[in-house]
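Student: I've got a fold open on my screen and I'd like to learn how to read it. Can you walk me through it?

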Amino acid sequence: GAAVTVPLGLRTRTPELPVTVSRAPGQPDLYTITLPTGGRLQTYLDPGRPGANTVHFTFFTPSGSEQVIDQAHARMTTPAGASRPLELLVISPGHFAANTSLVPGRSTFTIDVTPDQGAPISARFSQQIK
């Protein structure tokens with residue numbers, strides 16, 4: 001018989017990672033997530049208001065250099081709970097960005113990556129859009 005491919009997305013629970021938020025007047029809120037590998041993910045929304053935005057994800061090794069990422073997939077969960085994939089643009093080997101549109105409320109961004117060395121990494125952050 002004919003074979004059929006059925007896409008299936010399965011999200012398992014991942015432990016909450018430590019997140020610090022840096023805020024400066026006139027600048028986007030910068031989220032720094034400490035990864036289980038000892039590295040960091042820095043991410044932010046620009047401009048972080050309702051309407052057109054760009055979300056950035058940049059990975060760093062424990063020594064502070066940019067982490068090379070082989071594969072990356074990201075998605076956004078809207079304040080209404082709808083999940084949609086984000087089309088990532090490669091800015092550099094460890095820096096990705098995606099254009100999206102935001103509405104007021106809490107939006108959550110999740111990124112799953114495979115670094116050039118080491119185990120896969122999943123991280124997320126949420127931001128209240130006003």
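Predicted model: local features only at pLDDT ≥ 70, side-chain atom pairs only at ≥ 80, totals over all residues.

Student: Which residues is isoleucine 111 in contact with, leaving aside its neighbours within four places in sequence?

Tutor: Its partners are Leu41, Phe57, Phe59, Ala72, His73, Ala74, Leu88, Ile121, Ser122 and Ala123.

Student: And how do I read a nonpolar core?

Tutor: In soluble globular proteins, nonpolar side chains tend to be buried together. A core here is a set of buried Ala, Val, Leu, Ile, Met, Phe, Trp, Tyr and Cys residues joined through side-chain atoms within 4.5 Å. Buried means under 20% relative accessible area, exposed over 50%, and partly exposed in between (1.4 Å probe, protein chains only). The largest core in this model has 25 residues, and Phe57, Phe59, Phe109 and Ile111 have the most contacts inside it. Among the strands that each supply at least two of its residues are strand 4 (51–60), strand 5 (69–77) and strand 9 (105–115). Strands (E, at least two residues) are DSSP runs, numbered from the N terminus.

Student: Is glutamine 67 buried or exposed?

Tutor: Buried, because its relative accessible area is 15%. Glutamine 67 sits in the loop between strand 4 and strand 5. Not counting residues up to four places away in sequence, it touches Phe59, Phe60, Thr61, Pro93, Gly94, Pro115, Asp116 and Gln117.

Student: How many salt bridges does the structure hold?

Tutor: Side chains of opposite charge can pair when their charged atoms come close. The cut-off for a salt bridge is a side-chain nitrogen of Lys or Arg within 4 Å of a carboxyl oxygen of Asp or Glu. This structure holds three. In one of them, glutamate 16 meets arginine 124 at 2.3 Å, N to O. Glutamate 16 lies in the segment before strand 1 (19–22) and arginine 124 in strand 10, so the pair ties together parts 108 residues apart in sequence.

Student: What about aspartate 112?

Tutor: Aspartate 112 bridges to arginine 75, with the closest N and O atoms 3.1 Å apart.

Methods. Residues numbered from 1 in each chain as written. Heavy atoms only, no water. Helix = DSSP H or I, 4+ residues; strand = E, 2+ residues; numbered from the N terminus. Contact = heavy atoms within 4.5 Å.
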